[in-house]
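Have a look at the sequence and the structure, then read on.

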Amino acid sequence: MRIFRPKRPVHCLESHRVYYGLIYAPVSGVFIDEALVMLMQAPHSYTREDVLEIQCHGGPAVTRRILEAVLACGAREADPGEFTRRAFLNGRIDLAQAEAVMELVTAATDLQRQAAIGALSGNMSRSIHGVREEVVDVLARIEAELDFPEDGLEFHSATALCRSISEKILHPIHALLASYDTRHIVRDGVRVVMAGRPNTGKSSLFNGILGTSRVLVSPVPGTTRDSIEENLDINGLLVTLVDTAGIRQETSDTIESMGMDIAQREMERANHLLVLIDCSLPLTHEDLHLLGSIHPGRPVTVVLNKIDLLKGPFAEPSCLQDGLNVLPVTAQIQAVLLEKGISEAVFLPVSAKTGFGLDRLKERIANAALSDRAVNCDFPIPTLRQRDILMKAAESFESAQDLLKNGKALEIVAIELRNGLSGLNEMLGLEANEDVLNRIFSRFCIGK
Ligand SMILES: Nc1nc2c(ncn2[C@@H]2O[C@H](COP(=O)(O)OP(=O)(O)OP(=O)(O)O)[C@@H](O)[C@H]2O)c(=O)[nH]1
Ligand SMILES: [Mg+2]
């Protein structure tokens, strides 16, 4: 109230009501901005503590002056991630959910948002709680054996315990670890590199896919010298599209030759390679040289560009959609790729000039990355920290299983199970120490 004067006089702020008023500097009384103010009383707030929110105009000068005003009244700036840390410490969310807040705040594509919101709503926490209960159950059965060996308790054979460990503990942990493999696709996306001899239309296609005139296009071969990359979102997938210098066998131009070296390195780095061919011309030895330099191990799409220049039967719409195999260059390209051990290249006719086929090309980019890896954002995807914990926990449970199989003392089996259990607790933050918390929350930005 020292800096806020509500428009209409109020006795005191009620929780979860928005008040309109004016903000003044506390000492000088200088008017700063109009604002909306909302008090959220504990426990009904993000942190479960009392929270006061000031919604002001968004400019940096306004926010700086208001911040100075509240600091002058005795408040202090929050540490990075402090709000989420308090929410965790006050039991509103567990550590896996706190990490999901970070993922959600930094989500750049819809796929990343879906994965983060799943974790925030507790899909990872539920899975871990489920596994934890099974571990506690197995431990209880073992401890009963230890406490009352001759008490006529139902006899749990080592085999039955092993089966429980394998089916109810290790199986779900391995499923979580397998889903980590899809994480880099969701978080880092794919690097799609466009390569081809000069003038095939790489830069035109680059602009066409981005929908802007980002790079220079010209009829002069050798226009692009460097590699240029831009990020875009295709069906929720983060795609880094890379335009490269045209590759020819020889050039006396040093800068062009440096650009070609970069292009070769980009081709090796690619997660998906788009090889551009000017299908209005016969294949040249430069096309064949480039095709012959491709290494297998990533999806390859042969983009038959300049389809608008084709004349005769090949230019018929039905031929363009389905009958690509009748294009004379297709068989020739296929033969070269097969020799390199690449049998699954996809051929797509496009025209960077008219936009024909660009949608199909985008679909292809998304499908090549997503379909065979079955990225499923409803299923929890561990973070790096969580993966490391899960791997260690899996080792403990596997060793417990081995010890049981080899008829070792139940006391040692129980130790391994407890080690694994403590990993699961760490994952949810039930046992996390200060260092771990500092590491996690320092990655947050201030105000989260
Ligand atoms: N008709 C037609 N012309 C195209 C098409 N795509 C590109 N072009 C033309 O082909 C020429 C070369 O295009 P660029 O996009 O600069 O080719 P590039 O592969 O980037 O060439 P470099 O940077 O030299 O390797 C330009 O004159 C473009 O207008 C197309 O689909 N149809
Ligand atoms: Mg170019």
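Is Asn199 buried, exposed or partly exposed? Asn199 is partly exposed, because its relative accessible area is 30%, and the middle class lies between buried (under 20% relative accessible area) and exposed (over 50%), worked out with a 1.4 Å probe on protein chains only.

Some ground rules before going further. This is a predicted model, in which local features need pLDDT of at least 70 and side-chain atom pairs count only at pLDDT 80 or more, while totals for chains, interfaces and linings use all residues. Residues are numbered from 1 along each chain as its sequence is written, chains are lettered from A and ligands numbered from 1 in the order in which they are written, and side-chain values use heavy atoms, with hydrogens and water left out.

**Around Asn199**

Asn199 sits in the loop between β5 (190-196) and α8. Helices (H or I, at least four residues) and strands (E, at least two) are DSSP runs, numbered from the N terminus. The phi of Asn199 is near 75°, a positive value in a residue other than glycine. Thr200 belongs to the loop between β5 and α8 too, but Thr200 counts as buried, at 0% relative accessibility. Its side chain reaches the backbone oxygen of Arg197 at 3.0 Å. That is a polar contact, meaning a pair of N or O atoms within 3.5 Å; within protein, one must be able to donate a hydrogen and the other to accept it, and residues adjacent in sequence count only if both atoms are side-chain atoms.

Which protein atoms are the donors of the magnesium ion (ligand 2)? They are Ser203 (OG) and Thr224 (OG1), lying 2.0 Å from the ion. The two come from distant parts of the chain, 21 residues apart: Ser203 is in helix α8 (residues 202-210), and Thr224 is in the loop between α8 and β6 (228-234). Donors here are N, O and S atoms within 2.8 Å of the metal (3.2 Å for Na, K and Ca); water is not among the atoms, so sites may look incomplete. Ser203 and Thr224 are both buried.

| Residue | Protein atom | Distance to an oxygen atom of ligand 1 |
|---|---|---|
| Thr224 | polar side-chain atom | 2.8 Å |
| Gly246 | polar backbone atom | 3.2 Å |
| Lys306 | polar side-chain atom | 3.1 Å |

Taken alone, ligand 1 exposes 650 Å², and the protein buries 89% of that; the areas come from the Shrake-Rupley method with a 1.4 Å probe, and for residues only the protein chains shown count as cover.

How many residues surround ligand 1? There are 23, and the closest are Lys202, Ser204, Gly222, Thr223 and Asp308. A residue is near a molecule or strand if one of its heavy atoms lies within 4 Å of it. Helix α8 supplies the largest share of this shell, three residues. Sorted by class, the shell has seven nonpolar, 12 polar and four charged residues. Ala, Val, Leu, Ile, Met, Phe, Trp, Tyr, Cys and Pro count as nonpolar, Asp, Glu, Lys and Arg as charged, and the others, Gly among them, as polar.

**Aromatic pairs**

The structure holds three aromatic pairs. One of them joins Tyr24 and Phe31; this pair is tilted, with 5.7 Å centre to centre and 55° between the planes. Tyr24 is buried at 15% relative accessible area, whereas Phe31 is partly exposed at 45%. Phe441 and Phe444 make another tilted pair, 5.4 Å centre to centre with 35° between the planes. Rings of Phe, Tyr and Trp (its six-membered ring) pair if their centres lie within 6.5 Å; planes under 30 degrees apart count as stacked, over 60 as edge-to-face and the rest as tilted.

Phe441 is buried at 1%, and Phe444 is buried at 5%. Ring pairs link Phe88, Phe441 and Phe444 into a cluster. Thr84 is found in helix α2 (residues 82-89) and is buried at 0% relative accessibility.

**One more loop**

The loop between β3 (31-40) and β4 (51-55) contains Pro43, and the peptide bond from Ala42 to Pro43 is cis, with omega near 5°. Arg48 lies in the loop between β3 and β4 as well. Arg48 has a positive phi of about 70° although it is not a glycine, and it is partly exposed, with a relative accessible area of 36%.
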